[in-house]
Amino acid sequence: MNTKLYQEKLALARGNNSSNQFAEIAGISSGNFWRMQQGQIAKPSTLEKVAAARPDIEFLYEELMYAAGYSTIIPDSLKSQTHGEKEHRDLFEAIPIVTSLLGSKNKIINNIDNETWLFPQKQLEKGRYFFFRNNDSGLEPHIGKNDLILFDGDKIPKDGDIVLFRIEKKVGLVRYYRQINTKIIAYGVNPLFPPDYFNKNNVDILGVAVKAVVDL
């Protein structure tokens with residue numbers, strides 16, 4: 001993903017409108033459009049709505065798809081900015097959307113019966129990444145309930161990372177991570193959701209967040 005380009009194109013699409021005004025014009029949630037402007041990836045269908053709201057901007061949909069990482073074919077309008085990079089299309093890998101946290105970590109990540117989301121193959125190592133649909137509002141407004149989050153199952157968390165905690169071997173909790181001695185603090189942004197405190201050996205950390213996909 002090219003975050004800078006993505007945000008520039010969203011700002012171009014918004015124009016002189018406020019975020020709320022443009023979201024209404026495009027027919028999308030104002031909260032999710034705000035998160036998109038912070039760098040969260042939206043579904044292709046949402047990017048299409050953004051582009052459709054600005055038919056006067058040529059190649060906007062193609063540019064947004066490229067900036068978001070869905071397409072590796074460089075739009076003609078951007079070729080001068082990419083130093084003549086050769087056009088190509090990556091193979092895509094089906095990454096599982098985890099719906100159950102029961103069983104071993106390896107079983108969870110490699111459960112091929114779940115719903116999947118396509119991502120460029122060269123960006124992801126097979127069997128390491130998975131999506132989880134956020135199940136509460138503890139990270140709002142940064143990440144909302146039902147947003148898809150891409151987790152790296154092999155990455156070691158550090159303070160300030162967003163991680164997927166598994167409580168009692170079955171319940172998922174997406175929160176920021178902090179460790180103090182043997183205590184782990186799982187904390188959010190929304191003041192209605194107080195921090196949770198765990199002993200290091202009493203909670204599973206299934207992955208560290210690397211991308212979020214706004215779900216509209």
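**Entry: surface and model**

I noted that the protein exposes about 11300 Å², and that carbon and sulfur atoms supply 49% of this area. Accessible areas come from the Shrake-Rupley method with a 1.4 Å probe, and for residues only the protein chains shown count as cover.

I recorded that this is a predicted model, in which local features need pLDDT of at least 70 and side-chain atom pairs count only at pLDDT 80 or more, while totals for chains, interfaces and linings use all residues. Residues are numbered from 1 along each chain as its sequence is written, and side-chain values use heavy atoms, with hydrogens and water left out.

**Entry: confidence**

I checked pLDDT, the predictor's confidence in each residue on a scale from 0 to 100. The protein averages 78, and 75% of the residues score at least 70. Confidence is lowest in strand β3 (residues 116-120), with a mean of 53, and highest in strand β8 (residues 183-187), at 93. Over residues 79-92 pLDDT stays under 50. For that stretch the model has 26 contacts beyond four places in sequence, a contact being heavy atoms within 4.5 Å. Where pLDDT is low, the predicted coordinates should not be read in detail.

**Entry: overall make-up**

I found 6 helices and 10 strands in the protein. These are DSSP runs numbered from the N terminus, with helices being H or I of at least four residues and strands E of at least two. Of the 216 residues, 45% count as buried; buried means under 20% relative accessible area, exposed over 50%, and partly exposed in between (1.4 Å probe, protein chains only). Among contacts with a separation of 6 or more, residues 24 or more positions apart account for 55%.

**Entry: α1 against α3**

I examined how helix α1 (residues 3-14) packs with helix α3 (residues 30-37): the angle is about 135° and the axes are 9 Å apart. Axes are lines fitted to C-alpha atoms, for helices over the stretch in contact, and angles run from 0 to 180 degrees between N-to-C directions. The two helices are therefore oblique to each other; angles under 35 degrees count as roughly parallel, over 145 as roughly antiparallel, 65 to 115 as roughly perpendicular and the rest as oblique.

I listed Y6, Q7, L10 and R14 on the α1 side, meeting F33, M36 and Q37 of α3. The residues of this contact divide into 4 nonpolar, 2 polar and 1 charged. Here Ala, Val, Leu, Ile, Met, Phe, Trp, Tyr, Cys and Pro count as nonpolar, Asp, Glu, Lys and Arg as charged, and the others, Gly among them, as polar.

I turned to helix α5 (residues 60-68), where 7 of the 9 residues are buried, so the helix is largely enclosed by the rest of the structure. The buried residues are L60, E63, L64, M65, Y66, A67 and A68. They pack against α1, β1 (41-42) and α4 (44-52).

G69 follows α5 and has a positive phi, near 95°. I placed G69 in the loop between α5 and β2 (92-98). At 9% relative accessibility, G69 counts as buried.

**Entry: I184**

Leaving aside neighbours within four places in sequence, I found I184 in contact with F165, Y177, R178, Q179, D196, Y197, F198, K200, V203 and I205.

**Entry: loop backbone**

I looked at the loop between β4 (129-133) and β5 (148-152), where P141 lies. The peptide bond from E140 to P141 is cis, with omega near 10°. N146 is found in the loop between β4 and β5, and its phi is positive, near 80°, in a residue other than glycine. At 36% relative accessibility, N146 counts as partly exposed.

I also noted N181, in the loop between β7 (171-180) and β8. Phi of N181 is positive, near 55°, and at 68% relative accessibility N181 counts as exposed.
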